[in-house]
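This report describes a protein model with a ligand. The sequence and structure come first.

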Amino acid sequence: MKIGILGAGRIGATVARLFVAAGHEVVISNSRGPESLRALVAELGARGHAASVNEAAAFGEATLLAVPWHLAAAVPSSNLLRGKIVIDAMNPYKPEGGFYDLGDSTSSEEVLKRLPEARMVKAFNTIYYEHLATRGRKDLPVEERHAIYLASDDLPAKDAVATLIESIGFAPVDTGSLREGGRLQQPESPIYNQTFTAREARAFFRNELHKLADVLPDGALPRALEALGPLRAWPNKPPGSGKSGKY
Ligand SMILES: NC(=O)c1ccc[n+]([C@@H]2O[C@H](COP(=O)([O-])OP(=O)(O)OC[C@H]3O[C@@H](n4cnc5c(N)ncnc54)[C@H](OP(=O)(O)O)[C@@H]3O)[C@@H](O)[C@H]2O)c1
(Lines give C-alpha, C1' and ligand atoms only; values in the text may rest on other atoms or scores of the structure.)
Protein backbone atom coordinates (compact mmCIF):
# COMPACT_ATOMS: atom_id res chain seq x y z
CA MET A 1 0.00 0.00 0.00
CA LYS A 2 1.11 3.61 -0.57
CA ILE A 3 0.93 5.52 2.68
CA GLY A 4 1.48 9.20 3.39
CA ILE A 5 2.53 10.09 6.92
CA LEU A 6 2.03 13.55 8.43
CA GLY A 7 4.36 13.90 11.39
CA ALA A 8 7.77 12.26 11.67
CA GLY A 9 8.12 12.12 15.43
CA ARG A 10 7.77 9.19 17.77
CA ILE A 11 4.62 7.74 16.19
CA GLY A 12 5.14 8.85 12.57
CA ALA A 13 8.72 7.59 12.29
CA THR A 14 7.93 4.35 14.11
CA VAL A 15 5.00 3.57 11.83
CA ALA A 16 7.12 4.45 8.78
CA ARG A 17 9.80 1.92 9.82
CA LEU A 18 7.19 -0.79 10.36
CA PHE A 19 5.35 -0.09 7.11
CA VAL A 20 8.46 -0.19 4.89
CA ALA A 21 9.64 -3.35 6.64
CA ALA A 22 6.28 -4.91 5.75
CA GLY A 23 6.68 -3.96 2.07
CA HIS A 24 4.57 -0.80 1.95
CA GLU A 25 5.78 2.45 0.38
CA VAL A 26 5.73 5.58 2.54
CA VAL A 27 6.15 9.31 2.07
CA ILE A 28 6.74 10.99 5.42
CA SER A 29 6.61 14.69 6.26
CA ASN A 30 7.10 17.18 9.07
CA SER A 31 6.95 20.95 9.58
CA ARG A 32 10.60 21.52 8.59
CA GLY A 33 10.64 19.95 5.15
CA PRO A 34 12.11 16.79 3.60
CA GLU A 35 15.77 17.83 4.04
CA SER A 36 15.34 17.54 7.79
CA LEU A 37 14.32 13.89 7.35
CA ARG A 38 17.40 12.72 5.44
CA ALA A 39 18.68 10.40 8.16
CA LEU A 40 15.28 8.76 8.59
CA VAL A 41 14.85 8.29 4.83
CA ALA A 42 18.31 6.70 4.59
CA GLU A 43 17.28 4.30 7.33
CA LEU A 44 13.97 3.51 5.62
CA GLY A 45 15.61 2.46 2.36
CA ALA A 46 14.12 2.31 -1.12
CA ARG A 47 10.49 2.26 -0.01
CA GLY A 48 10.80 5.36 2.21
CA HIS A 49 10.70 8.97 0.97
CA ALA A 50 10.26 12.41 2.51
CA ALA A 51 8.25 15.27 1.06
CA SER A 52 6.17 18.27 2.05
CA VAL A 53 3.01 17.73 4.07
CA ASN A 54 0.83 18.33 1.02
CA GLU A 55 2.88 15.95 -1.13
CA ALA A 56 2.70 13.25 1.53
CA ALA A 57 -1.07 13.71 1.78
CA ALA A 58 -1.46 13.56 -1.99
CA PHE A 59 0.75 10.45 -2.29
CA GLY A 60 -1.04 7.99 -0.08
CA GLU A 61 -3.91 5.63 -0.70
CA ALA A 62 -3.99 6.02 3.04
CA THR A 63 -2.67 8.95 5.09
CA LEU A 64 -1.66 8.69 8.73
CA LEU A 65 -2.14 11.78 10.91
CA ALA A 66 0.60 11.77 13.56
CA VAL A 67 1.07 15.40 14.55
CA PRO A 68 0.09 17.08 17.83
CA TRP A 69 -3.70 17.35 17.81
CA HIS A 70 -3.83 21.07 18.55
CA LEU A 71 -1.93 21.88 15.34
CA ALA A 72 -5.00 21.94 13.14
CA ALA A 73 -3.00 23.77 10.49
CA ALA A 74 -0.78 20.71 10.05
CA VAL A 75 -3.66 18.76 8.50
CA PRO A 76 -3.92 19.77 4.84
CA SER A 77 -7.01 20.97 3.12
CA SER A 78 -9.86 18.61 2.52
CA ASN A 79 -9.42 18.24 -1.26
CA LEU A 80 -6.02 16.51 -0.91
CA LEU A 81 -7.56 13.83 1.27
CA ARG A 82 -10.91 13.55 -0.47
CA GLY A 83 -11.96 9.90 -0.78
CA LYS A 84 -8.78 8.65 0.90
CA ILE A 85 -8.41 6.53 3.97
CA VAL A 86 -7.22 8.79 6.79
CA ILE A 87 -5.82 7.03 9.83
CA ASP A 88 -6.08 9.33 12.82
CA ALA A 89 -3.47 8.43 15.43
CA MET A 90 -3.80 11.76 17.24
CA ASN A 91 -5.01 12.34 20.77
CA PRO A 92 -6.53 15.61 21.97
CA TYR A 93 -3.81 16.63 24.40
CA LYS A 94 -3.35 20.31 25.18
CA PRO A 95 0.21 21.55 24.73
CA GLU A 96 0.24 22.61 28.38
CA GLY A 97 -1.06 19.19 29.55
CA GLY A 98 -4.51 17.71 30.03
CA PHE A 99 -7.12 17.23 27.32
CA TYR A 100 -9.43 19.43 25.33
CA ASP A 101 -13.04 19.16 26.44
CA LEU A 102 -14.84 17.96 23.33
CA GLY A 103 -18.24 17.61 24.97
CA ASP A 104 -20.17 14.72 23.45
CA SER A 105 -17.84 14.55 20.50
CA THR A 106 -14.64 12.53 20.09
CA SER A 107 -11.32 13.67 18.67
CA SER A 108 -11.56 11.83 15.34
CA GLU A 109 -15.09 13.13 14.81
CA GLU A 110 -13.65 16.61 15.26
CA VAL A 111 -10.90 15.86 12.71
CA LEU A 112 -13.54 14.50 10.34
CA LYS A 113 -15.36 17.85 10.52
CA ARG A 114 -12.26 19.40 8.95
CA LEU A 115 -11.95 16.58 6.38
CA PRO A 116 -15.57 15.68 5.68
CA GLU A 117 -14.82 13.66 2.56
CA ALA A 118 -12.06 11.56 4.09
CA ARG A 119 -12.63 7.91 5.00
CA MET A 120 -11.72 8.33 8.65
CA VAL A 121 -10.35 5.47 10.76
CA LYS A 122 -9.20 6.06 14.32
CA ALA A 123 -6.25 3.74 14.95
CA PHE A 124 -2.73 3.63 16.40
CA ASN A 125 -3.71 6.27 18.97
CA THR A 126 -3.86 3.93 21.97
CA ILE A 127 -0.46 2.29 21.61
CA TYR A 128 2.72 3.75 23.12
CA TYR A 129 5.28 4.25 20.37
CA GLU A 130 7.90 2.05 22.07
CA HIS A 131 5.38 -0.79 22.22
CA LEU A 132 4.65 -0.18 18.55
CA ALA A 133 8.37 -0.34 17.77
CA THR A 134 9.03 -3.53 19.70
CA ARG A 135 5.92 -5.64 20.17
CA GLY A 136 4.93 -6.59 16.62
CA ARG A 137 5.05 -10.39 16.18
CA LYS A 138 4.22 -11.71 12.75
CA ASP A 139 5.24 -15.17 13.91
CA LEU A 140 2.33 -15.36 16.37
CA PRO A 141 -1.28 -16.21 15.53
CA VAL A 142 -3.13 -12.91 15.23
CA GLU A 143 -5.23 -13.65 18.30
CA GLU A 144 -2.07 -13.80 20.47
CA ARG A 145 -0.55 -10.56 19.19
CA HIS A 146 -0.58 -7.15 20.84
CA ALA A 147 -3.92 -5.46 20.04
CA ILE A 148 -4.23 -2.26 18.05
CA TYR A 149 -7.75 -0.84 18.22
CA LEU A 150 -9.61 0.76 15.37
CA ALA A 151 -12.91 2.59 15.00
CA SER A 152 -14.62 3.81 11.87
CA ASP A 153 -17.98 4.29 10.17
CA ASP A 154 -16.43 3.24 6.83
CA LEU A 155 -16.24 -0.54 6.93
CA PRO A 156 -14.07 -1.08 3.81
CA ALA A 157 -11.64 1.54 5.11
CA LYS A 158 -11.61 -0.19 8.49
CA ASP A 159 -10.90 -3.52 6.78
CA ALA A 160 -8.00 -1.96 4.86
CA VAL A 161 -6.47 -0.54 8.04
CA ALA A 162 -7.00 -3.88 9.81
CA THR A 163 -5.01 -5.55 7.03
CA LEU A 164 -2.25 -2.96 7.48
CA ILE A 165 -2.15 -3.63 11.21
CA GLU A 166 -1.85 -7.36 10.61
CA SER A 167 0.90 -6.78 8.06
CA ILE A 168 3.14 -5.24 10.74
CA GLY A 169 2.64 -8.01 13.28
CA PHE A 170 -0.19 -6.67 15.44
CA ALA A 171 -3.83 -7.70 15.91
CA PRO A 172 -6.62 -5.38 14.76
CA VAL A 173 -9.41 -5.15 17.33
CA ASP A 174 -12.59 -3.40 16.24
CA THR A 175 -14.15 -1.07 18.80
CA GLY A 176 -17.07 -0.07 16.57
CA SER A 177 -18.14 3.27 15.11
CA LEU A 178 -16.14 6.48 15.14
CA ARG A 179 -18.40 7.82 17.89
CA GLU A 180 -18.69 4.84 20.19
CA GLY A 181 -15.46 3.04 19.38
CA GLY A 182 -13.70 6.37 19.22
CA ARG A 183 -14.83 7.07 22.75
CA LEU A 184 -13.47 3.72 23.92
CA GLN A 185 -10.13 4.63 22.35
CA GLN A 186 -9.80 8.03 24.02
CA PRO A 187 -6.98 8.67 26.52
CA GLU A 188 -7.92 7.48 30.03
CA SER A 189 -10.13 4.71 28.68
CA PRO A 190 -9.26 1.34 30.27
CA ILE A 191 -7.73 0.06 27.03
CA TYR A 192 -5.51 3.09 26.47
CA ASN A 193 -1.79 2.21 26.59
CA GLN A 194 -2.48 -1.34 27.77
CA THR A 195 -0.60 -4.33 26.41
CA PHE A 196 -3.51 -6.68 25.81
CA THR A 197 -3.38 -9.35 23.17
CA ALA A 198 -6.42 -9.47 20.89
CA ARG A 199 -7.78 -12.39 22.90
CA GLU A 200 -7.31 -10.53 26.19
CA ALA A 201 -8.78 -7.34 24.75
CA ARG A 202 -12.00 -9.04 23.72
CA ALA A 203 -12.32 -10.84 27.04
CA PHE A 204 -11.70 -7.54 28.82
CA PHE A 205 -14.35 -5.78 26.75
CA ARG A 206 -16.92 -8.47 27.37
CA ASN A 207 -16.28 -8.39 31.12
CA GLU A 208 -15.68 -4.70 31.64
CA LEU A 209 -17.62 -2.80 29.03
CA HIS A 210 -20.79 -2.68 31.09
CA LYS A 211 -18.89 -0.68 33.72
CA LEU A 212 -18.44 2.07 31.13
CA ALA A 213 -22.18 2.45 30.60
CA ASP A 214 -22.26 5.82 32.33
CA VAL A 215 -19.56 7.32 30.11
CA LEU A 216 -20.97 5.98 26.85
CA PRO A 217 -23.79 7.70 24.97
CA ASP A 218 -27.26 6.12 25.02
CA GLY A 219 -27.39 2.86 23.12
CA ALA A 220 -23.63 2.67 22.75
CA LEU A 221 -23.12 -0.25 25.10
CA PRO A 222 -25.28 -2.80 23.26
CA ARG A 223 -23.84 -1.70 19.95
CA ALA A 224 -20.25 -1.90 21.25
CA LEU A 225 -20.88 -5.39 22.61
CA GLU A 226 -22.47 -6.40 19.33
CA ALA A 227 -19.40 -5.17 17.44
CA LEU A 228 -17.26 -7.45 19.58
CA GLY A 229 -19.66 -10.36 19.42
CA PRO A 230 -19.36 -11.92 15.99
CA LEU A 231 -16.15 -13.73 15.27
CA ARG A 232 -15.38 -11.97 12.03
CA ALA A 233 -12.02 -12.59 10.44
CA TRP A 234 -9.71 -10.02 8.93
CA PRO A 235 -8.99 -9.61 6.14
CA ASN A 236 -12.31 -10.75 4.71
CA LYS A 237 -11.89 -14.42 5.49
CA PRO A 238 -14.54 -16.61 7.06
CA PRO A 239 -13.93 -17.45 10.74
CA GLY A 240 -11.45 -20.25 11.24
CA SER A 241 -9.85 -20.02 7.82
CA GLY A 242 -6.09 -19.77 7.72
CA LYS A 243 -3.97 -17.87 10.23
CA SER A 244 -5.78 -14.57 9.97
CA GLY A 245 -7.12 -13.47 13.33
CA LYS A 246 -10.56 -12.79 14.58
CA TYR A 247 -11.40 -9.51 16.17
N1 LIG B 1 4.10 9.22 21.46
C2 LIG B 1 3.24 8.20 21.53
O3 LIG B 1 3.55 7.13 22.09
C4 LIG B 1 1.89 8.33 20.88
C5 LIG B 1 1.08 7.19 20.87
C6 LIG B 1 -0.15 7.24 20.22
C7 LIG B 1 -0.59 8.43 19.65
N8 LIG B 1 0.20 9.54 19.71
C9 LIG B 1 -0.31 10.77 19.08
O10 LIG B 1 0.41 10.94 17.87
C11 LIG B 1 0.60 12.33 17.60
C12 LIG B 1 2.09 12.59 17.47
O13 LIG B 1 2.71 12.25 18.70
P14 LIG B 1 4.28 12.02 18.77
O15 LIG B 1 4.56 11.54 20.13
O16 LIG B 1 4.76 11.26 17.61
O17 LIG B 1 4.76 13.56 18.66
P18 LIG B 1 6.23 14.08 18.34
O19 LIG B 1 7.26 13.04 18.60
O20 LIG B 1 6.33 15.40 19.03
O21 LIG B 1 6.18 14.33 16.76
C22 LIG B 1 5.31 15.29 16.21
C23 LIG B 1 5.62 15.40 14.74
O24 LIG B 1 4.67 16.32 14.18
C25 LIG B 1 5.38 17.18 13.32
N26 LIG B 1 4.70 18.46 13.16
C27 LIG B 1 4.46 19.42 14.07
N28 LIG B 1 3.82 20.45 13.50
C29 LIG B 1 3.67 20.13 12.21
C30 LIG B 1 3.12 20.81 11.10
N31 LIG B 1 2.56 22.02 11.23
N32 LIG B 1 3.17 20.19 9.89
C33 LIG B 1 3.72 18.96 9.77
N34 LIG B 1 4.26 18.28 10.78
C35 LIG B 1 4.24 18.86 11.99
C36 LIG B 1 6.70 17.36 14.00
O37 LIG B 1 7.62 17.82 13.04
P38 LIG B 1 8.69 18.98 13.39
O39 LIG B 1 9.65 18.35 14.34
O40 LIG B 1 9.27 19.35 12.07
O41 LIG B 1 7.88 20.10 14.01
C42 LIG B 1 7.01 15.95 14.44
O43 LIG B 1 7.60 15.22 13.39
C44 LIG B 1 -0.03 13.09 18.78
O45 LIG B 1 -1.31 13.54 18.41
C46 LIG B 1 -0.11 12.03 19.88
O47 LIG B 1 -1.17 12.27 20.76
C48 LIG B 1 1.42 9.52 20.31
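## Basis and overall make-up

This is a predicted model, in which local features need pLDDT of at least 70 and side-chain atom pairs count only at pLDDT 80 or more, while totals for chains, interfaces and linings use all residues. Residues are numbered from 1 along each chain as its sequence is written.

The protein has nine helices and eight strands; these are DSSP runs numbered from the N terminus, with helices being H or I of at least four residues and strands E of at least two. Of the 247 residues, 46% are buried. A residue is buried if 20 or more other C-beta atoms, placed from the backbone, lie within 10 Å of its own. Among contacts between residues at least 6 apart in sequence, 66% join residues at least 24 apart, a contact being two C-beta atoms, placed from the backbone, within 7 Å.

## The sheet

Eight strands make an open sheet of mixed pairing, ordered β3-β2-β1-β4-β5-β6-β7-β8. Two strands pair if DSSP finds at least two bridges between them. On average, neighbouring strands are turned by 25° against each other, direction ignored.

Strands β5 (residues 85-88) and β6 (residues 119-123) run parallel and are joined by four bridges; Val-86 stands opposite Met-120 in β6. Helix α8 (residues 198-208) lies across β7 (147-152) and β8, at about 20° to β8. Such angles run from 0 to 180 degrees between N-to-C directions, with axes fitted to C-alpha atoms, for helices over the stretch in contact.

## Helix α1

Helix α1 has twelve residues and reaches 17 Å from its first C-alpha to its last, close to the expected 16 Å, which is 1.5 Å times one less than its number of residues. Nine of the twelve are buried, so α1 is largely enclosed by the rest of the structure.

Among the buried residues are Ile-11, Val-15 and Phe-19. The buried residues of α1 pack against β1 (2-6), β2 (25-29), α2 (38-44), β3, β4 (62-65) and α5 (129-134). Just after α1, Gly-23 takes a positive phi of about 100°.

## The ligand shell

Around the ligand are 27 residues, of which Gly-7, Gly-9, Asn-30, Ala-74 and Met-90 come nearest. A residue counts as near if its C-beta atom, placed from the backbone, lies within 6 Å. Helix α1 (residues 10-21) gives the most to this shell, with three residues.
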